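Reader: I'm new to reading protein structures. Could you walk me through one, feature by feature?

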Amino acid sequence: MSGDGQLKLQAPKSRQSPRQSRRIRLQGIRKQALETGRNRLLVTGVVFTLAFLVIAGRLVSIMTFEQSGEPHAVRSAPSRMNVAVRADIVDRNGVSLATSLPIASLYANPSEVSNKEEAADKLSRILPELKRSEVLAKLKSRGGFTWLRRNLSPKKQYEVNRLGIPGLAFKRGERRVYPQGEAAAHVLGFTDVDGQGISGLEKQFDEMLSSGETLRLSIDLRIQDMLRQELTETMDEFNAIGAAGVVLDVDTGEALAMVSLPDFDPNVPEKSRGGKRFNRVTKGVYEMGSTFKLFTVAMALDSGVATLNDGYDASKPLHIARFTISDFHSKNRWLSVPEILVYSSNVGAALMALDVGATVQQDYLGRLGLLSPALIELPEVGSPLTPSVWRKINTMTISYGHGIAVSPLQMAGATAALVNGGIRRPLSLLKHQGLEAPEGERVLSVATSEQMRGLMRLVVTDGTGKNADAEGYRVGGKTGTADKQAGGKYDDKALISSFIAAFPMNDPRYVVLAMLDEPKGTKETFNYATGGWVAAPMVGRVITRMGSLLGLMPQLAAVSAEAKDRRLETY
Amino acid sequence: MSIMARTDTSLVSQWWWTVDRWMLASLAAIAAIGAVLILAASPAVAERIGYDSFYFVHRQFIFLALAFVLVFGVSLLSTRDIRRLAIVCYGAAIALMALTLYIGVESNGAARWIRLGVFSLQPSEFAKPGFVVLAAWMFTERRLDERFPGYAVATVLFALLTSLLLLQPDVGMAIVVSAVWGVQFFLAGLPLVLVMAIALVFLGGAVGAYFAFDHVQTRIDRFLDPSGGEGYQVTRALEAFHEGGLVGRGPGEGQVKLVLPDAHADFILAVAGEEFGLIASLIIVALFAFVVLRGFVRVLKNDDLFILLAVAGLMAQFGFQAIINMASTINLIPPKGMTLPLISYGGSSALATAISMGMALALTRDRPGQVGTR
């Protein structure tokens, strides 16, 4: 295009009047301007044509070809990718303990909601748990994304969809559901809102579960429920602040039940903070008291320091350093080794431990798994508290379960090794596969284990554990009652009362442990809150009910009476 | 065409034989398509916001009838009358726009409307044809007589209009007005250096708008980064086009109108694409292109610089608006609140477009007495 504005037509100088010359000049300028205008109009026309062609081409491309790269594909892709379902957790019989349900979570893109007032009205009507003012505030926020309500049921999702409010959308997800509620809360743990396991087995096996592999537990829901029920009743009866219970298979190391009270509903973990989530069975460590005498006697017998026929002078309290060791059920005489257990003599046990010696004691306790955290598939495992320097006084107090704190699960695991023939096996919450018992480590001779069975049975038939004698199941066990430490002092009003049992004692299959935290005595127990009064009767009931649940026929009357007589003769 | 004889010298008959019947026919076709689409798209929107199903249909049909009367009436005017009409249009609209800033009805964050009983008037729509004709007039006077301050006057008119538009704010309309003014200046023989300079100023203005207006910024950001997950209307519109395919889902079968708040207005082309398909959509694009190019061709042979500049400006304005609307619906450019002339719902837009087209038809009538003389 020419630089037209500058061009001036030279008007002829002569023979024309000024007026004529101006008119001709005007004519020339007009022609020039028109010419420029026309040329440039052509250019403009071409540009417009191109623009319309681009639009037509774009229309053809989006309406006839697959729109792989379109924004809407980007939008919807993540929600479809997010449907891998977290696997179920089932009990040993296949009963569902945890499963995942598909749910939708409602969110809004506030800038796309045209009528915010109306949208807030309608939403708060359909979802009454949402406050209209809060919804409105969220819809008026400037951000591009805001959650309105997580975890909508399909019905609610349908209703919200039917409102047809633009700018609302759903994110598909899944929600973890625990059909058995509190039943196995501490074992299962729970997941966070994003479906990631944050405690219990959900955390331990998070990867496996999210990759879709079902988890089959060793837990038997029937026994779990029953144990929980008995523990709850006992806890209420004795006004205890907590309780723990566990049932182990002595041959496989599987836990058939594991209950910690108080517990929580893993479906709504946010409603129970702190204490209720604490797993007393695995995470809590306690001075267990007299139940430890089982280990003292076992190591004395196994190491050959004492025999069943030996005895110790328990006639008077022991004074050592600034401590005094005395007996609760004092007989004020020499006691045989079985009697030390049956009457639960602290003095006898302490003297026996001195014979065994600190090194051997540590060795046995270590091999029984009492000096290191329990081996179990839970993230919540407590470390035992043991003396930093193992003095003589420690050896003596540890012999009857003071000055050492272990978890109830460690206690049950060690007891299983005492009665199963002397082999300590790793404990497990997963169902044991295969027929062979898992590899274990021998900690006691078969003979010692046999002797321990007899002694434990004796405690129930003749000693502090009489209340646990479930008829026909040949229960053996040991009571434990420990004063809780508070501020460096022992408080004889705050007790840890427990009973550890195994049955049937002629060929033990199960270990049952019950522990009550700070039980208070009642009129029926003559204000006693000791293991023998509080935990032993409950363990007896649990064993009777286990027998019927697992189809173990009770060996009644004649047979058991015979066995009892024979043992009395022996010991 | 036996209805009217060539020899008939009545007003209507003379009009019929001198008017650009091709352009008239394509405008009528566009309006007819608009009527069908408003029937398809608006009941869903009306029901959603609680109006009678045919609320928008009834109103748009009245607007279209009025528009045709206007097109006819304005196209009867002489060139001189068109200039007078332009002065009235521009003057009245500027006054009303100034008034809008005080008594305007605010909607979606912009004060653009004045309530007149059952009808909301958007004065800026009417300012556009007036401005285009006045600017053409001023450019022409300046071209023919360098002593006349035509460029200055046109620039003042432009500045006045765009500043009022930006105060509302209506950035989209300001861009259209600027582009039209630029095209007219270009056609009027602006030196190329200045053409470049003005292009740079426009670019600067666009960048300035990005930083000065929040809503402009969000829209452009979203356009540049669709993964942000926003741009709901555009996304739905694209899905609608895709659903439509070659021949569409069929009249009334569309889904996009159920979810798009602006299905009857800015995004009406998406409804057309979904229900009537690619072929119908291309016909609509072709009709708009035809009107614009027909107008250009019509004045290419005209000897009157004013007519050339005015008609080219009117057509450019019509074309820009159509292109911006279509391009944002199909996500070629950031979304811009812009109606599709004669198709989108909207009274002010329809009537102002009628005035524009009426003016163009009036100016492009065959004037045997004028052409080729002097």
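Reader: How many helices and strands are there in chain A?

Author: Chain A has 18 helices and 16 strands. Helices (H or I, at least four residues) and strands (E, at least two) are DSSP runs, numbered from the N terminus. Keep in mind that this is a predicted model, where local features need pLDDT of at least 70, side-chain atom pairs count only at pLDDT 80 or more, and totals for chains, interfaces and linings use all residues. Residues are numbered from 1 along each chain as its sequence is written, chains are lettered from A and ligands numbered from 1 in the order in which they are written, and side-chain values use heavy atoms, with hydrogens and water left out.

Reader: What share of chain A counts as buried?

Author: Buried means under 20% relative accessible area, exposed over 50%, and partly exposed in between (1.4 Å probe, protein chains only). Of the 571 residues in chain A, 52% are buried.

Reader: Okay, and what does Gln224(A) touch?

Author: Contact means heavy atoms within 4.5 Å. Gln224(A) sits in helix α9 (residues 221–237) of chain A, and it counts as buried because its relative accessibility is 0%. Leaving out residues up to four places away in sequence, Gln224(A) touches Ala183(A), Ala184(A), Ile219(A), Leu256(A), Ala257(A), Met258(A) and Val259(A). For chain A as a whole, take the contacts with a separation of 6 or more: 71% of them are between residues 24 or more positions apart.

Reader: Which residues form the nonpolar patch on the surface?

Author: Patches are made of residues with over 30% relative accessible area and no salt bridge; like charges are joined within 9 Å, and nonpolar side chains (Val, Leu, Ile, Met, Phe, Trp, Tyr) within 5 Å. A salt bridge is a side-chain nitrogen of Lys or Arg within 4 Å of a carboxyl oxygen of Asp or Glu. Here the nonpolar patch is made of Leu99(B), Leu101(B), Tyr102(B), Ile103(B) and Leu167(B), which together have about 550 Å² of accessible area. Helix α4 (residues 79–103) of chain B gives the most, with four residues. Tyr102(B) is in that helix, and it counts as exposed because its relative accessibility is 73%.

Reader: And which residues gather in the patch of negative charge?

Author: Lys and Arg count as positive and Asp and Glu as negative, while His and the chain ends are not counted. The place of a charge is taken as NZ of Lys, CZ of Arg, CG of Asp or CD of Glu. Glu233(A), Asp236(A), Glu237(A) and Glu524(A) make up this surface patch. Glu524(A) is in the loop between β16 (510–517) and α17 (531–550) of chain A.

Reader: Last one: where are the cis peptide bonds and the positive phi values?

Author: Most residues other than glycine have a negative phi, and most peptide bonds are trans. A cis bond joins Leu261(A) and Pro262(A), with omega about -5°. Another cis bond runs from Gln168(B) to Pro169(B), with omega near -5°. Arg474(A) has a positive phi, near 50°, and at 12% relative accessibility Arg474(A) counts as buried. Phe526(A) has a positive phi too, near 55°, but at 57% relative accessibility Phe526(A) counts as exposed.

Note on methods. Accessible areas come from the Shrake-Rupley method with a 1.4 Å probe; for residues, only the protein chains shown count as cover.
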